[in-house]
Amino acid sequence: MKQFLKFTLATIVGIIITSVIGMLLMFGIIGAIAGSAEKVVKVQPNSVYELELNGQLIERSKDDPFTEIFSNAFGQDAAKIIGLDDVLANIRKAKADENIKGIYLKGGMLTGGYASVKEIRDALADFRQSGKFIVAYADTYSQKNYYLSSIADKVYLNTQGMLEFQGIAANTTFFKNTLDKLGVEMQIVKVGTYKSAVEPYIDTKMSEANKEQVTAFINSIWKNVLAEISQSRNIPVDSLNRYADAMMTFQPTEMALKNKLVDSLVYSDGMNEVFKKLTKQEDFKDIHFISHSDMNKVPHSEKMQKQKVAVIYGVGGIDMGQTDEITSEDLVETINEVKDEKSVKAVVFRVNSPGGSAYGSEQIWHAITELKKVKPVIVSMGDYAASGGYYISCAADSIIAQPNTLTGSIGIFGTIPNIEGLNKKIGLTHDGVKTNKMSDAISLNRAFTPDERNIMQSYINRGYELFTKRCADGRGMNIDSLKAIAEGRVWTGEDAMRIGLVDKLGGLGDAIKIAAGKAKLENYMVKEFPAKEDIMTRLFKDMNSTVETKILKSRLGDENYRLLKQIEQAKYFNGIQALMPVNITLN
């Protein structure tokens, strides 16, 4: 009886503790929802749009009620997420609003691809045509932030600050030695000399072919970065390369000023005088700074129009098991919805994807092909539109990419792990019977037989033939010409245009104008698909599927979580994969 009472009491206490924790979590969620409630912000005279270049830059903004809750629970600052769509929209609003006198690029650590950063840079260049000012200040400039900020009229650096400028390096992490210790062998069948997404699982270093393609595309990206900085700062490219070779990051701060990389060295409070002069205000308190989050709540000035250009977003890996990435079934449904909506007269397909499932890519390709029969379709490429990302793009009427977009990678692979070595290490054995020669084919518990490997290679070859045919047909190219630039090779947008994989260099705005022109639209609105999820939808979606992810990110940090995700991603490699090496990190 005593033991019974003891266990009963323990159970009651456990229930009470769980209920209290649940209530606290729910209060936190309600607080997050209340705090994120949209309130219209009115722009006051003498205002400056303050764009803080800090956090993770993603294609589309989203309400994320869990991130701050879990970060606070583990004593960490919540990771900032900035939507490229919001940044571009806010720059347009700032240009049109007479009460906004200029834009302040406030330094931080913004992580994102070079193509996305260029998209913002181009929008800022367009903003400058209004005659309004752009100024930048940072305690420390990352290289990407400096590239972005160099478009400003004046660039300021803290007197004791740092400016990272050292060129681009590409690094990847290899898991083969770890897998060998575990007794796991990744068995690979592929087509494409340059198809390197599987290398981290089967080698300890880059292949020569991979080094060749990565060297080519990072030099192409760096060339474009230097050209734009050179034009904005009036510094010869040769000089910029010398500064990079000297690793400006750890040079005396005065060197950045001497080399004309910045215009002045000031402490942060020194910017007060800068803004007083720019806005012609005697008292700094009369200047109103609008944060990025508040700027999101400033209403658009565009008029309602009946005719629309749709922007369909295809963002992330294709059928890679991540809820916030591309699920081919859902994207096909969205494409069909746009096809049937009568008010939509033209379509921009915004692709920011390194690829994924070849089967899923084929389904999306088919939906885009059917859409193209009734409405013009223009592809706008983001940071990546490679492998499966190119597969789903190739059928469009026209393809627009940034010079720094990574695209191509027309090749496929399949992987089957062999865990025979692991079984031996932990003492597992297997035995069985079968009715036919291939009844137990493609087992995880042993290596391929020669017949099994031949069957798998034939399967991959058929997939490659289909992939290259889709691309050749979509681009109006001879199949042999297409194969000569395929082989899984990754190209920058600039090089892709040279070899016929891309039609024009530009951003999302350029693609929208081209789409409208194809449909002969003069007055139109832009409508995004799929519609953004409201915060309650995100809440229940996160509760059901991504709470574990939030916890892991909070505990591991972004870099370690990225490695964990890369390892986990391998389990989705069953079947044909059209995926580029997204594990390569560019500084």
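Why does phenylalanine 133 count as buried? I looked up its relative accessible area, which is 8%, and buried means under 20% (1.4 Å probe, protein chains only).

I note that this is a predicted model, in which local features need pLDDT of at least 70, side-chain atom pairs count only at pLDDT 80 or more, and totals for chains, interfaces and linings use all residues. Residues are numbered from 1 along each chain as its sequence is written, and side-chain values use heavy atoms, with hydrogens and water left out.

I searched the whole structure for aromatic pairs and found 11; rings of Phe, Tyr and Trp (its six-membered ring) pair if their centres lie within 6.5 Å, with planes under 30 degrees apart stacked, over 60 edge-to-face and the rest tilted. I then took tyrosine 104 and phenylalanine 275: the ring centres are 4.8 Å apart and the planes at 70°, so this pair is edge-to-face. Tyrosine 104 is in strand E4 (residues 100-106) and phenylalanine 275 in helix H11 (residues 271-279), 171 residues apart; helices (H or I, at least four residues) and strands (E, at least two) are DSSP runs, numbered from the N terminus. Tyrosine 104 is buried at 7% relative accessible area, and phenylalanine 275 is buried at 2%.

Phenylalanine 133 also pairs with phenylalanine 275, tilted, at 6.4 Å centre to centre and 55° between the planes. Phenylalanine 133 lies in strand E6 (residues 133-141), so its pairing with helix H11 ties together parts 142 residues apart in sequence. I list one aromatic cluster here: Tyr104, Phe133, Phe275, Phe284 and Phe289.

Key:
Buried < 20%, exposed > 50% of the residue type's maximum accessible area, 1.4 Å probe, protein only.
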